[in-house]
Structure formats: structure tokens, C-alpha cells
Amino acid sequence: TGGNLPKRQAEELMQRAACDFESFYAQPVFAQEMSESLLILSLDGKGIVMRLEDLREATRHAAEKGKHKLNKRLSKGEKKNRKRMATAATVYSVAPHPRTPSMVAKECYPNDEKPPSPKPVGKRVWASVEKEVEAVVAEMFQEALQQDPLKKKPWVALVDGNKLQIRLLKAYAKHNQVKLTIV
């Protein structure tokens, strides 16, 4: 709206909005059913530089042993033993969008018209620095099963090559009797 909101009121609004976050996402998703759509699961990890007091005990001890090169901030390469890993996940349905080699090559030429890509449906994205990777993957599969309870859609998981994440994806797919293609 362009209006100014005092800091204290903004903080109170955020606290009230966040209190029902978990219950909101626990509700079933009534997204429009798309025929021939894919169910996409994506998982990624991101290191977040933390304040010293917020590190886990073992990491905090290792960080305390290191010496700073600068007084005010950490310099490049000095972030070792100062990070916690956040795990980000997403689940959504999308229509297949097959492309030919010539369509892919056209992406190199920005002036050519590209056909519009299909839009995701029922997309949920979340991340956690508090929960372990296993808990986030379990929550991701719970969300996926909520979006495709009959397991009729092809399931595709996108992951960056993290071996723990791949192992967990395979284990949860087997446990939930889902055929999962990992990309």
C-alpha cells in the first residue's frame, strides 16, 4: 500500500502471521488436477553464516579456536566452522514441457519468441535451519503424498548431487512405494 508501518507493529504482525504457519500447510491442497502432470520434488542445502552463540556446540568450539583477519566481519574463506546448513524443499505439479534441440538452441538468441512454459500448480516452498535433513525430506514426501495420494503422477526429484539427500530420497521413495526419477 505504500504506507509506513512502525517496527514494533510489523514485528507483532509477523509473529501473529507465523503462529499458524504449520497448521496452514497441514491442510490438504485442493489444486486443480492436471492430466498428465508431473509431481516435482526439489531439495537443496544452503550454508548460512551464524552468530557465534547460535552455532551448535561442536561447531562453536571450532569457531572459537580460529582467529579473525578483520575486526568487524568475516573475510572471504573465513566462514569455515561458522555456518549451519539450512535445507530447502519444494513440491509442485507441472505439465510436461518437452523441447526439441532447436528449441533449446533458440534460448541462446534472446530476440526469438519462446513458447510460454507451463506454470506450477499447488507449489509449496519451505526451508529449515532447525530441522535435520531427514525431517525435511519426510515433510517433503508427506506434502507430495498429500498432493498425489493415489500416486498416479510421475514423481521427479531435482537435487544438486548431495549424497545424503539422494540416499534419503531413494529411501523415502522405497518406503512410500513410489517410483521416483532423480535428476
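This is a predicted model: local features need pLDDT of at least 70, side-chain atom pairs count only at pLDDT 80 or more; totals for chains, interfaces and linings use all residues.
Me: How many aromatic pairs does the structure hold?
Reply: Happy to start there. Phe-141, Trp-155 and Tyr-172 form one aromatic cluster. As for pairs of rings, the structure holds two.

Me: Is the pair of Phe-141 and Trp-155 stacked, edge-to-face or tilted?
Reply: A pair of aromatic rings is described by the distance of the centres and the angle of the planes. For Phe-141 and Trp-155 the centres are 6.0 Å apart and the planes stand at 40°. Planes under 30 degrees apart would count as stacked and over 60 as edge-to-face, so this pair is tilted.

Me: How many residues apart in sequence are the parts that Phe-141 and Trp-155 tie together?
Reply: Phe-141 belongs to helix 5 (residues 133-147), while Trp-155 belongs to strand 4 (residues 155-159). Both Phe-141 and Trp-155 are buried. The pair therefore ties together parts whose separation in sequence is 14 residues.

Me: Is Tyr-172 buried, exposed or partly exposed?
Reply: Tyr-172 lies in helix 6 (residues 163-175). Its relative accessibility is 23%. Buried would need a value under 20% and exposed one over 50%, so Tyr-172 counts as partly exposed.

Me: Over which ring does the charged end of Arg-124 sit?
Reply: Good one, and there are two such arrangements to look at here. The charged end of Lys-123 sits over the ring of Tyr-92, 5.2 Å from its centre. For Arg-124, the charged end is 4.0 Å from the centre of the ring it sits over, and that ring belongs to Trp-126.

Me: What ties strand 3 and helix 5 together through Arg-124 and Glu-139?
Reply: Arg-124 lies in strand 3 (residues 121-128) and Glu-139 in helix 5, so the pair ties together parts that are 15 residues apart in sequence. Both Arg-124 and Glu-139 are buried. Their side chains meet, N to O, at 2.9 Å, in a salt bridge.

Me: Which residues are linked with Arg-124 in a network of salt bridges?
Reply: Arg-124 also forms a salt bridge with Glu-143, where the closest N and O atoms are 3.5 Å apart. Glu-143 is in helix 5 and Arg-124 in strand 3, so this pair ties together parts 19 residues apart in sequence. The network links Arg-124 with Lys-131, Glu-139 and Glu-143.

Me: What is the relative accessible area of Glu-139?
Reply: Glu-139 touches Glu-22, Arg-124, Trp-126 and Lys-131, not counting residues up to four places away in sequence. Glu-139 is buried, and the cut-off for that is under 20%. Its relative accessible area is 11%.

Me: How far apart are the closest N and O atoms of Glu-11 and Lys-7?
Reply: Glu-11 and Lys-7 both lie in helix 1 (residues 7-18), four residues apart, about one turn of the helix. Glu-11 is partly exposed at 42% relative accessibility, whereas Lys-7 is exposed at 64%. The two form a salt bridge, with the closest N and O atoms at 3.9 Å.

Technical notes:
Residues are numbered from 1 along each chain as its sequence is written. Side-chain values use heavy atoms; hydrogens and water are left out. Rings of Phe, Tyr and Trp (its six-membered ring) pair if their centres lie within 6.5 Å; planes under 30 degrees apart count as stacked, over 60 as edge-to-face and the rest as tilted. Helices (H or I, at least four residues) and strands (E, at least two) are DSSP runs, numbered from the N terminus. Buried means under 20% relative accessible area, exposed over 50%, partly exposed in between (1.4 Å probe, protein chains only). A charge sits over a ring if NZ of Lys or CZ of Arg is within 6 Å of the ring centre and within 35 degrees of the ring normal. A salt bridge is a side-chain nitrogen of Lys or Arg within 4 Å of a carboxyl oxygen of Asp or Glu. Contact means heavy atoms within 4.5 Å.
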